[in-house]
Amino acid sequence: MMLVEYAHPGLRNEALTSLSDLARHEQFHSVIFKSLPVFVALWNEDRLDVRSSAISAYSDLIQYEVFQDILCTTLPNYLALWRDEEWTIRRDVTRTMPKLARHKRFQDAISHAFSGVVALLKDERYEVRSAAFSAFTDLATIERFTGPVSTILPSVLTLLKDKNRDIREGVVTTLSLLAENRHLQNDILNVLPTLAVLLKEEDWEIRRAAISAYSDLVVPLGAETLHESFPSIVSDLMALLKDRHLYVRTRAISAFSKLSRHVVFHDAIAASLPDALALMSDEASEVQRAAILAIADLVRHEIFHNAVARAFLQFAVLMRDEDPFVQKAALSVFSDLAHHKKFPETALNAISDFPSFLRDKNWKIRRIVTLTYSDLARFGKPPFTRMLIIQYACDSDVL
């Protein structure tokens, strides 16, 4: 252990790295115990790699009860490293927080210093922000930190404006996870007005992240609760079906599909149907594909059957789209809906040029069309459907 204190910096680094390995063997515990004050002092070492190794060793030794008393007394100094000038040190200390928090002996000290997490969530380095966000997510699963988590939740929400996309997406996921904790649900509801403001942010990526946050909260919070607390939620989200940015429109139509699964939102969904149907003709193929799938998803609810029936003609047009992905999506949806008990007559009226698809260069499209004819034939519709299937049955790619 003298290497830790007196050796060349490179050797000190190696000694600290091996400390965790030695701690696995009980016969070394007394020697390691005597060296703890020395290695704690290395948090202020000039060399960055030595400091990082000392931080890592601290978090590894914490799991051994024999070291916890003395390490607990040094915890305030350890947490003070959150304010270190070196961003790598701030990041490394933050990463160890969940590991320390698993031990009840350290939870009070971490709880008292929890406000420091707020500063880390706004750190100038995204690496530190990311580590702080990850630590916050882990700490939120520990009951002891429910109160502190509730306090800084509004600050977490500001990360939806973060420049780093991974952090923004992480916020969305975390809000959904936190909402599953019944002790935090009221706090989540309290920050939703702030989330609503983000739906109108100038930055399109923030608008997109806010859409996801809202739609992902429906299940954990409950559609009824969300609707009662914020009756305008669907209309606010659906207004973004007309957003100028294609990825916002895509995310909005996906939210449209998710919300349509809950009866409490059906009136608002019905009101926004014209805008949703219009997206099937959007200039962006990504939006078109999402809209096609979203409209098809409405078939599970009888209230929307008339709207879906009206969309058949649009599906028929999109089966001729220049974009092969849009074409395939339209054909697949058409095929799925054609054998629905509500729509065979509507389907037959919409497929005047359907036979030409049996000669399409893409074998997948020929296969979809053939299977669609087969489905229609099973309903006893005009015999030409059976004749067409027989006519092209010799095409092995179709079958």
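In this report a residue counts as buried when its relative accessible area is under 20%, as exposed when that area is over 50%, and as partly exposed in between, with a 1.4 Å probe and protein chains only. The model is predicted, so local features need pLDDT of at least 70 and side-chain atom pairs count only at pLDDT 80 or more, whereas totals for chains, interfaces and linings use all residues. Residues are numbered from 1 along each chain as its sequence is written, and side-chain values use heavy atoms, with hydrogens and water left out.

## The chain as a whole

The protein chain has 26 helices and zero strands, where helices (H or I, at least four residues) and strands (E, at least two) are DSSP runs numbered from the N terminus. Of its 399 residues, 54% count as buried. Contact here means heavy atoms within 4.5 Å; among the contacts in the protein chain with a separation of 6 or more, 65% are made by residues 24 or more positions apart. The chain exposes about 19300 Å², of which carbon and sulfur atoms supply 51%, the areas coming from the Shrake-Rupley method with a 1.4 Å probe and, for residues, with only the protein chains shown counted as cover.

The table gives three of them.

| Pair | N to O distance |
|---|---|
| Arg90 and Asp123 | 2.8 Å |
| Arg91 and Asp92 | 3.1 Å |
| Asp243 and Arg207 | 2.8 Å |

The side chains of Arg90 and Asp123 meet in a salt bridge. Arg90 lies in helix α7 (residues 87-101) and Asp123 in the loop between α9 (115-121) and α10, so the pair ties together parts that are 33 residues apart in sequence.

Asp243 counts as buried because its relative accessibility is 9%, and Arg207 counts as buried because its relative accessibility is 3%.

The expected span of a helix is 1.5 Å times one less than its number of residues. For the 15 residues of α7 this should give 21 Å, and the end C-alpha atoms are 22 Å apart, which agrees. Twelve of the 15 residues of α7 are buried, so that the helix is mostly covered; among them are Thr88, Ile89, Val93, Met97 and Leu100. What covers the buried residues of α7 includes α4, α6 (75-79), α8 (104-112), α9 and α10.

Helix α4 (residues 48-61) has 14 residues and reaches 20 Å from its first C-alpha to its last, close to the 20 Å expected. This helix is mostly covered as well, with eleven of its 14 residues buried, including Val50, Arg51, Ile55, Tyr58 and Asp60.

Helix α18 has 14 residues and spans 20 Å between its first and last C-alpha atoms, close to the 20 Å expected. Its buried residues include Val248, Arg249, Ile253, Phe256 and Leu259, and their cover includes α14, α15 (218-221), α17, α19 (266-271), α20 (273-278) and α21 (285-297).

## Individual residues

Asp323 is found in the loop between α22 (305-318) and α23 (324-338). Asp323 is buried yet has no salt bridge, and the nearest side chain of opposite charge, Arg289, is 4.1 Å away; Lys and Arg count as positive and Asp and Glu as negative, while His and the chain ends are not counted. Not counting residues up to four places away in sequence, Asp323 touches Ser285 and Arg289. A polar atom of the Asp323 side chain lies 2.8 Å from the backbone nitrogen of Phe325.

Gln327 lies in helix α23 and counts as buried at 10% relative accessibility. Leaving aside its neighbours within four places in sequence, Gln327 is in contact with residues including Leu318, Met319, Phe357 and Ile365.

Glu143, in the loop between α10 (126-139) and α11 (146-157), is exposed, with a relative accessible area of 66%. The C-alpha atoms of Glu143 and His183 are separated by 9.2 Å, the two residues being 40 residues apart along the chain.

Definitions and conventions. Salt bridge = Lys/Arg side-chain N within 4 Å of Asp/Glu carboxyl O. Polar contact = N/O pair within 3.5 Å; in protein donor to acceptor, adjacent residues only side chain to side chain.
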